[in-house]
Amino acid sequence: MKIVVCVKQVPDTKGGVQFNPDGTLNRAAMLTIMNPDDKAGLEAALRLKEETGAEVTVITMGLPKADEVLREALAMGADKGILVTDRVLGGADTWATSTTLAGAIRNLEYDLIITGRQAIDGDTAQVGPQIAEHLGLPVISYAQNIKVDKDAVIVERQYEDRYHELKVQMPCLITALSELNEPRYMTPGGIFDAYDKEVTVWGRPDLKDVDDSNLGLAGSPTKIAKASDKVRKGAGEKVVLDTDEAVAYLMGKFKEKHII
C-alpha cells in the first residue's frame with residue numbers, strides 16, 4: 001500500500017503575519033509550522049503504515065524553506081519527502097495550488113492520498129477536493145476516523161453533532177480534521193535520520209499534464225482586493241458613573257444591541 005500525504009508550511013500566527021505589496025503572504029519573513037490538519041493526516045498515514053506496512057510519501061509545495069516541514073515529517077516516520085518549488089508557482093491560490101500538486105502526484109504510485117481539511121492561513125478547505133477532481137478520484141472530507149478494509153477505506157466523516165460512515169474503494173482522497181488524532185513527537189534518532197535522507201526537489205518541468213495558464217499568481221482566478229495584518233479597533237466609549245447609573249447604562253446598551 002502506498003500513501004501520499006500533502007502537507008503545507010503555514011505561518012505561525014502567534015508571531016504575526018506579513019504581506020507582500022500584491023497582497024500575498026510574505027512567507028519568507030515569517031515563523032512557520034506544519035499545518036495542524038495536515039499533521040493529523042500525516043499521523044493517520046503513519047498509523048496505517050504501522051498496521052499494514054504501507055509506504056508514506058509526503059509532498060509539499062512552497063519556498064525552498066518548506067524543506068523544514070518535510071524533514072519534520074521524515075523525523076516522525078515518513079519514508080520519502082518531495083518538495084515542489086519554482087518561482088513560476090509563487091502566489092498561487094487554491095486552484096493553482098491544487099493544479100500543481102495534482103501535476104506532481106501524477107508522477108507517483110498511490111492507493112490513498114491524505115490532505116488536511118484546510119490550512120490555517122486560508123481556511124478554504126478547497127485544495128484537497130480540487131486535487132481529487134484533477135485526478136478523477138472519489139473524495140471523503142472531514143475525516144475523524146480512518147480504517148483500511150482490504151482494498152477500501154472506511155471513514156467516519158464529521159457532520160454537525162454526528163458522523164457519516166462511508167466506505168470507498170481505493171485509490172481515493174481523504175481530508176483529515178485536526179481532531180482525527182494526536183500527532184506523535186519527533187524522536188532524537190528520527191531527527192538525525194531525517195537530515196541524512198535526501199528530499200526530492202521538483203520544479204515546473206516535473207509537473208505532468210498541467211498548463212502554464214493554471215499555475216502561480218497569473219493562473220489564480222482569486223484576486224485579493226485588500227489585505228491587512230490585523231483589524232484596527234477604536235478606543236471605545238469611556239464613562240464614569242456610580243453603581244446604579246452604571247447598571248442602568250449597561251442594561252440600556254444590552255437592549256440597544258439586542259443582547260437582552
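Me: Which residues is Leu-112 in contact with, leaving aside its neighbours within four places in sequence?
Reply: In this predicted model, the contacts of Leu-112 beyond those neighbours are Met-1, Lys-2, Ile-3, Val-4, Leu-48, Val-153, Met-170, Cys-172 and Ile-174.

Me: And which residues touch the most other members of the largest nonpolar core?
Reply: Leu-112 is one of them, together with Ile-3, Val-5, Leu-42, Val-56, Val-58 and Val-153. The core holds 37 residues.

Me: Which elements give two or more residues to this core?
Reply: Two helices do so, helix 1 and helix 2. The strands that do so are strand 1 (2–6), strand 4, strand 6, strand 7 (139–149), strand 8 (152–159) and strand 10 (172–176).

Me: What lies apart from it?
Reply: Another core, of 22 residues, lies apart from the largest one. Its members include Val-4, Leu-89, Leu-135 and Leu-173.

Me: Changing topic: how many salt bridges does the structure hold?
Reply: There are 15 salt bridges in the structure. One of them joins the side chains of Arg-117 and Asp-37, with an N to O distance of 3.0 Å.

Me: Where do Arg-117 and Asp-37 lie?
Reply: Asp-37 belongs to helix 1 (residues 36–52), and Arg-117 sits in the loop between strand 6 (112–116) and helix 4 (127–135), so their pairing ties together parts that are 80 residues apart in sequence.

Me: Buried or exposed, those two?
Reply: Arg-117 and Asp-37 are both buried.

Me: What about Lys-39, which residue does it form a salt bridge with?
Reply: The partner of Lys-39 is Glu-72, and their closest N and O atoms are 2.8 Å apart. This pair links distant parts of the chain, as Lys-39 is in helix 1 and Glu-72 in helix 2 (residues 67–76), 33 residues apart.

Me: Why does Glu-72 count as buried?
Reply: Glu-72 counts as buried because its relative accessibility is 16%, and buried means under 20%. Lys-39, with a relative accessible area of 23%, is partly exposed.

Me: Which residue pairs with Lys-80?
Reply: Lys-80 forms a salt bridge with Glu-55, with 3.7 Å between the closest N and O atoms. Lys-80 is in strand 5 (residues 80–84) and Glu-55 in strand 4 (residues 55–61), so this bridge ties together parts 25 residues apart in sequence. Lys-80 is partly exposed at 44% relative accessibility, and Glu-55 is partly exposed at 25%.

Me: Finally, which residues do salt bridges with shared partners join into one network?
Reply: That network consists of Glu-43, Arg-47, Glu-50 and Arg-184.

Key
Residues numbered from 1 in each chain as written. Predicted model: local features only at pLDDT ≥ 70, side-chain atom pairs only at ≥ 80, totals over all residues. Heavy atoms only, no water. Salt bridge = Lys/Arg side-chain N within 4 Å of Asp/Glu carboxyl O. Helix = DSSP H or I, 4+ residues; strand = E, 2+ residues; numbered from the N terminus. Buried < 20%, exposed > 50% of the residue type's maximum accessible area, 1.4 Å probe, protein only. Core = buried A, V, L, I, M, F, W, Y, C linked by side-chain atoms within 4.5 Å. Contact = heavy atoms within 4.5 Å.
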